[in-house]
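Reader: I would like to go through this model with you. Could we begin with the aromatic residues?

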Amino acid sequence: MVLDIGGGRMNKVEANKRAKEVFDEWIEEKEAIEKKAKADGTWNKVGLDSNNHLFKEVDKKAKEKLDKIKSMIDEQ
């Protein structure tokens, strides 16, 4: 699933809807990365933060999308 976040303004209800879509996409991508890493044998089973490097790009992309949504909220 690819979320298109176009320009413009939106109210908080629409922003929440789009943010949930970004979150759902982010979770799907992280699950796919984890599954691949486990299949490849690159998944580290020790330590809570030991696999964070695998998610760096997908985390960054989700944050950028959420920041853009936040900037588009029309408070009026």
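Predicted model: local features only at pLDDT ≥ 70, side-chain atom pairs only at ≥ 80, totals over all residues.

Reader: Which residue forms an aromatic pair with Trp26?

Author: Phe23 does, and the pair is tilted, at 5.5 Å centre to centre with 50° between the planes.

Reader: How many aromatic pairs does a search of the whole structure find?

Author: The search finds two. In the pair of Trp43 and Phe55, the ring centres are 6.2 Å apart and the planes stand at 70°, so this pair is edge-to-face. Both Trp43 and Phe55 lie in the loop between H1 and H2, so the pair ties together parts that are 12 residues apart in sequence.

Reader: Is Phe55 buried or exposed?

Author: Phe55 counts as buried, because its relative accessibility is 8% and the cut-off for buried is under 20%. The charged end of Lys30 sits over the Phe55 ring, 4.6 Å from its centre.

Reader: Turning to H1, what span should its 29 residues have?

Author: At 1.5 Å a residue, H1 (residues 12-40) should span 42 Å, and its end C-alpha atoms are 41 Å apart, which agrees.

Reader: And what caps its N-terminal end?

Author: Asn11 does, with a side-chain oxygen 3.1 Å from the backbone nitrogen of Val13. Just after H1, Gly41 has a positive phi of about 85°.

Reader: Which residues of H1 are buried?

Author: Ala15, Val22, Glu25 and Ala37 are buried, and helix H2 (56-71) is among what covers the buried residues of H1.

Terms used
Residues numbered from 1 in each chain as written. Heavy atoms only, no water. Helix = DSSP H or I, 4+ residues; strand = E, 2+ residues; numbered from the N terminus. Expected span 1.5 Å × (residues − 1). Buried < 20%, exposed > 50% of the residue type's maximum accessible area, 1.4 Å probe, protein only. Contact = heavy atoms within 4.5 Å. Polar contact = N/O pair within 3.5 Å; in protein donor to acceptor, adjacent residues only side chain to side chain. Phe/Tyr/Trp six-rings, centres within 6.5 Å; stacked < 30°, edge-to-face > 60°. Lys NZ or Arg CZ within 6 Å of the ring centre and 35° of its normal.
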